[in-house]
Amino acid sequence: MESVGSPGENKIQKFIIMEYNYLQNEKHRHMKCCYSKNGKQLLIPIKSASLMLFLILIPFLSLAQDYDLLLKGGRLIDAKNKIDAKMDVAVKEGKIARVAIDIPASAAKKVLDVSGLIVAPGLINIHTHVFAGSNPGFTDGQSSQLPDAFAIRSGITTVVDAGTTGWRTFPEFKAKVIDPSITRVLAWINIFETGFSSGSGFEPDLGTVNAQKTAETIQKYKDYIVGTRIGHYKGKSWLPFERASEAASIANTPLFVECHMPQYTLQEQLDHMRSGDIITHSFENVSERMTVVDEQGKVRPFVLEAQKRGVLFDVGHGGAGFWFNQAIPAFKQGLWPNSFGTDEHRTSMNSGMKNMLNVMSKYLSIGMSIPDVIARGSWNAAKSIKREDLGNLSEGSVADIAVLSIMNGKFGFVDSGQNRIEGDRKLEAELTVRAGRIVWDLNGLAANTYK
Amino acid sequence: MTLLKKFSSCLFRYQIVSLMVLTLPAIQTVNAQEIDILLKGGHVIDPKNNINAIMDVAISDGKIFRVAANIPESTAKKTVNVSGLYVSPGIIDMHVHVFQGTDKYSTSVANSSRSQQADAFSFRSGVTTMVDAGTSGWRNFRTFKAQSIDKSQTRILAFLNVIGNGMIGRFEEQDINDMNPEMNAYMIKKLFPEILVGVKSAHYWGGFTSVDKAIESGKLADVPIMVDFGEHVPSNSIESLFLEHFRPGDIFTHTYSEISAGRESIVDEKSRTLKPFIFEAQKRGVIFDVGHGGGAFSWAQAIPAFKQGFLPDVISSDLHDQSMNAGMKDMTNVMSKFLALGMELKDVIERSTWAPAKVIKRTDLGHLSVGAEADIAVFNLREGKFGFTDVRKVSVEGSKKLEAELTLRAGKIMWDLNGISGQPWRE
């Protein structure tokens, strides 16, 4: 296990450094010295080079190094601000400082040429399971995935955990996963007090379903919890659904409706949803729930009515939740997903889902335009979780940025039934910036060339 | 009597002939049913068997059934066209940290979220076997096994840390009282010989104590040791490690690290020449493992070493939280770095399959011999302009990059990037 200290060390690393400091005797003090010496050695040539550059450029400098980072020449797609044009983005102190045509390179400490690439707000995945840990199942479990392992390499800067925890278990989730992650981790809170149980035979004690406690927890952790979640409930009673909706109303947040509720019909679920509530696994084709598209290939009228009423449809791809015989007719008939939740977990990650860019690329292949795909991966997703501070590149917003390339070639995409469609474009994450810091750099855009 | 004999032998012959006539189509039918998956038209690179040519690979019952040119499609239940792609034995990543968990007392990779989940990184990189590099020791190996190894679809093997608690924290890793060669060797040789392939010594701040204790255990269990020779101040002599302490077959990991202090580099940092004893050490049987990690791969080491004729024995990732999103990224990226250096693809594949299999004495793995478990990686060699970054944010350009197209573990498709094994969707 080998690592280099970096400015964004997580808590654990800091603790290790504290340990080092605590331990230092003559020998270890020496070691610390050497580490910094090493850092200096690396910096000297860069420093002298930039000094030379500075001296040469003095007459031309007006905004000398005002910005920390400048992404130059990319195709900027920012749905909130209705921008789809060649524009530069300047970042300062972790925030978007300026978006404009031709910001001079001299104004920034670091300039990256991103021409030929798409510059988008950091992507948002509103359906994940990231309470990864030691136990069987999802809660602190082996079925969940660590956020940083999947998000950053897909241009994602914010993920939303889909109800893996309830009001009793959320604080533990926050301590173990949310706080140490580089990815911004938000959460739908489960109406069941301990969230997911490990098995599918989960029969909760309805007496423990508490809207008030759930709403209080949302309010207490309002920077992290974006709404309530109902799913994986095999009972007949509508009490848990209604309580989930009630808690969401109290906290003025949406309700996220997941799968595995065999006793509720699709129409009943949609009828119980308010405008702004989100149904996921929209294009699933499993015996447990009626499909959105009927046997004749028509989107059911009550589904379109729900859409008209403001119910939002998330992809929620998962291992079994995405079928072309649903998604393609639905797309053609105007039932577009509002967000590309991946439902990332142990069994979906290596199946047809793979990662969010793969899911987004499926929609490019189905016929959605690049700006529409980017909007649904960023701004639409942000609005749906009522986090309008995210998913945009407005000046002053946190500098969460995805720089994406479009690969051209012959690609294949499969659904949950191993059905395959072809496509000629696929998205790849070149650079991911989280709060102004480069956290992913696929091809070393920000690196120095070896000499 | 003789007539009778003649008659009966004639009858016997007739019976044989008729039996043959009857069974010939039967053999063919059996044949047709026996191939479960046929990978057709790929360029097979199987260094153990000296294969580097276009061939078909047939899989039956989770095992390699046949490797030959032009195996007829009619003999297989399922044929996947892999023409234009490279077919290699499933990749063995000999250096990872996959003891993922949430032990609140762990300040390093053991049982913490600093380790990663094997299945999240393996198959999408063509990896079918991961070797955990001493994240656990004899005290917590059972937890690691129950929680990660037994739950994974990836085959996980492990080096057992010489420290009883493994990599639970840097401070604990200094505790020589927790280095117990007998217990360590007992665990490897008697209790878990199927999983434990060696001993790890790492992150020690003192002299040679940790290495020597590991070797003591390695001798008792008859396994190699892997050494992360990291954090000695002043640094210990690698010449002494290689020529005086190591046995042939012992592994030096983080081969291309350059941290100036705390660890001696293989390439002299001033003259940029490979130290004279390195070739001698390699000749003597010291195994040089890449172990890229978050801090252990510098172009300033790798390029001069390569130019001076030095090649690593094993290519590995050192997967953990600090390496995965930095210069390392994943195993295919690390392998592609060696293509960018100028190494031939077959040599890169060898150092990620058959070579590590031999090092960890698991010669059942890392090849496509008939009868071997069907762990297979199918790669696409992308062409374009790629950049490869080291741990110092220094980048080198390359024109080729490996991408895992299809990964099979014991004959089962675990990863299929472009759905080449799927059926076309019809409206």
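Which strand of chain B do 2 bridges join to strand 17 of chain A, and do the two run parallel or antiparallel? I looked there first. The partner is strand 14 of chain B, residues 394–409, and the two strands run parallel. I then picked out one pair of residues: T449(A) has S395(B) as its bridge partner in strand 14 of chain B.

**Entry: confidence**

I note that this is a predicted model. Its scores are ipTM 0.91 and pTM 0.90. For chain B I read a mean pLDDT of 93, with 92% of the residues at 70 or more.

**Entry: where the chains touch**

I looked up the two sides of the interface: 51 residues of chain A are in contact with 62 residues of chain B. On the chain A side, the elements that give two or more residues include helix 1 (11–23), helix 2 (26–57), strand 14 (401–414), strand 15 (419–434) and strand 17 (448–449) of chain A. Helix 2 of chain A gives the largest share of that side, 8 residues. Sorted by class, the side of chain A that touches chain B holds 24 nonpolar, 17 polar and 10 charged residues.

**Entry: a sheet in chain A**

Next I traced an open sheet of 7 strands in chain A, with the order 6-8-9-10-11-12-13 and parallel pairing. Why is one side of strand 6 and of strand 13 of chain A left without a neighbour in the sheet? Strand 6 (123–128) and strand 13 (312–313) of chain A stand at the edges and have a single partner strand each, so one side of each lacks a neighbour in the sheet. Within it, I124(A) stands opposite T158(A).

**Entry: helix 11 of chain A**

I listed the buried residues of helix 11 (residues 370–377) of chain A: V373(A), I374(A), A375(A), R376(A) and G377(A). Strand 6 of chain A turns up again here, as part of what covers these buried residues. The cover also includes strand 1 (69–78), strand 5 (118–121), helix 10 (356–366) and helix 12 (379–384) of chain A.

**Entry: chain B**

I counted 12 helices and 16 strands in chain B. Of its 427 residues, 60% count as buried. The C-alpha atoms of chain B fill a box of roughly 95 × 55 × 50 Å along the principal axes. Among contacts in chain B with a separation of 6 or more, 75% are between residues 24 or more positions apart.

Strand 5 (residues 86–89) of chain B pairs in the parallel sense with strand 1 (residues 35–46) of chain B over 2 bridges. There, V44(B) is opposite V87(B). Strand 5 of chain B also pairs with strand 13 (residues 376–389) of chain B, in the antiparallel sense and over 4 bridges. In that pairing S88(B) stands opposite A377(B).

**Entry: the core**

Which residues have the most contacts inside the largest nonpolar core? They are V89(A), V119(A), V57(B), V131(B) and V378(B), in a core of 251 residues. I followed V119(A): leaving aside neighbours within four places in sequence, its contacts include L71(A), L76(A), V89(A), V114(A), I401(A) and V403(A).

Methods:
Residues are numbered from 1 along each chain as its sequence is written. Chains are lettered from A and ligands numbered from 1 in the order in which they are written. This is a predicted model: local features need pLDDT of at least 70, side-chain atom pairs count only at pLDDT 80 or more; totals for chains, interfaces and linings use all residues. Two residues are in contact if their C-beta atoms, placed from the backbone, lie within 7 Å. Ala, Val, Leu, Ile, Met, Phe, Trp, Tyr, Cys and Pro count as nonpolar, Asp, Glu, Lys and Arg as charged, and the others, Gly among them, as polar. Two strands pair if DSSP finds at least two bridges between them. pLDDT is the predictor's confidence in each residue, from 0 to 100. A residue is buried if 20 or more other C-beta atoms lie within 10 Å of its own, exposed if 12 or fewer, and partly exposed in between; C-beta atoms are placed from the backbone. A nonpolar core is a set of buried Ala, Val, Leu, Ile, Met, Phe, Trp, Tyr and Cys residues joined through C-beta atoms within 7 Å.
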